[in-house]
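Open the model in your viewer and keep the sequence panel beside it. The stops below say what to select and what is there.

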Amino acid sequence: MKRLFWAIAIIAAVLVLFVWVQRELEFRAERLARPLPVELHPIVAEKSQELIRRAEAIGIDAAVTEGFRSIERQNELYAQGRTAPGGIVTYAEGGESYHNYGLAIDFALLDENGDAVWDIERDGNDNGERDWFEVAAIGKELGFEWGGDWERFRDYPHLQLTFGLSMRELKNGWRPEDTME
Ligand SMILES: [Zn+2]
């Protein structure tokens, strides 16, 4: 009797495990089949506008110069300074940047003529603080991670909203919506 009980218990456990693995594999296949985004995530787009508004409120004209980036464009940028002329502008290959998932933007300051300037020392609103760092601080308030804080390669224009997702998870098809349930 005891032996029968154990046999049934083990068979039940194996069945449960089997169903669970099957379901996990299905979820994984579903995630991997998800298409890549083709534009900025709506929350990132909204926060970018808020960034520009808040900067303007303290007398800083800033603009978003880059947002969503296709894999092809990312590969072109990656080639720059490696197999193509120019200086290195990124360490991320296609599919390795948060821009490719619509989760990153790049900003720049605007001068009196409305032209983008990449001058991190500029103090246009004349408050004794560098405008660039003021904009970055607003970005961080809004929940962005700032590339200027990175140790390996300081990417001063870069702001990304990860939703807690690692690059590996994004490549495996995880999306911000999965973290909001
Ligand atoms: Zn960037």
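The tour goes from the whole chain to single residues.

**Before you start**

This is a predicted model, in which local features need pLDDT of at least 70, side-chain atom pairs count only at pLDDT 80 or more, and totals for chains, interfaces and linings use all residues. Residues are numbered from 1 along each chain as its sequence is written.

**Stop 1: the whole chain**

Show the protein chain as a cartoon. It has six helices and five strands. Helices (H or I, at least four residues) and strands (E, at least two) are DSSP runs, numbered from the N terminus. The order from the N terminus is α-α-β-α-β-β-α-β-β-α-α.

Now look at the overall dimensions. The C-alpha trace spans about 85 × 40 × 30 Å along its principal axes. The radius of gyration of the protein chain is 23 Å, while a compact globule of 181 residues would have one near 16 Å. That radius is taken over C-alpha atoms, and the globule rule is 2.2 Å times the number of residues to the power 0.38.

Colour by burial next. A residue is buried if 20 or more other C-beta atoms lie within 10 Å of its own, exposed if 12 or fewer, and partly exposed in between; C-beta atoms are placed from the backbone. Buried residues account for 23% of the 181 residues.

Then turn to contacts. Two residues are in contact if their C-beta atoms, placed from the backbone, lie within 7 Å. Of the contacts between residues at least 6 apart in sequence, 55% join residues at least 24 apart.

**Stop 2: two domains**

Select 1-33, then 42-179. These are domain 1 and domain 2, with bounds from an automatic or database domain assignment. Their centres, taken over C-alpha atoms, are 45 Å apart.

**Stop 3: helix α1**

Select 2-32, which is α1; Met1 lies in the segment before it. How many residues of α1 are buried? The number is zero, so α1 lies largely in the open. The helix has 31 residues and reaches 45 Å from its first C-alpha to its last, close to the 45 Å expected at 1.5 Å a residue. The expected span is 1.5 Å times one less than the number of residues.

**Stop 4: helix α2**

Move to 42-57. Helix α2 has 16 residues and a first-to-last C-alpha reach of 23 Å, close to the 22 Å expected at 1.5 Å a residue. Its buried residues are Val44, Ser48, Leu51 and Ala55. They cover an arc of only 55° around the axis, so they sit on the same side of α2. The arc is that of the directions from the helix axis to the C-beta atoms.

What covers these buried residues includes β1, β2 and α4 (131-141). Turn to the face pointing away from the buried side. There you find the exposed residues Pro42, Glu46, Gln49, Arg53, Glu56 and Ala57. Gly59 follows α2 and has a positive phi, near 80°.

**Stop 5: strand β2 and its partners**

Select 104-110. Five of the seven residues of β2 are buried, so this strand is largely enclosed by the rest of the structure. Which strands pair with β2? Two strands pair if DSSP finds at least two bridges between them.

- β1 (residues 62-66) runs antiparallel to β2, with four bridges. Glu66 has Asp106 as its bridge partner.
- β5 (residues 158-160) pairs with β2 in the antiparallel sense over three bridges. Ile105 stands opposite Leu159.
- β3 (residues 116-117) is antiparallel to β2, with two bridges. Leu109 has Val117 as its bridge partner.

Zoom in on the hairpin of β2 and β3. Five residues lie between the strands, and Gly114 takes a positive phi near 80°.

**Stop 6: two non-glycine residues with positive phi**

Select Asp126, in the loop between β3 and α4. Its phi is near 55°, positive in a residue other than glycine. Asp126 counts as exposed because it has 8 C-beta neighbours inside 10 Å.

Finish at Phe163, in the loop between β5 and α5 (167-171). Phe163 also is not a glycine, and its phi is positive, about 55°. Is it buried or exposed? Phe163 counts as buried because it has 21 C-beta neighbours inside 10 Å.
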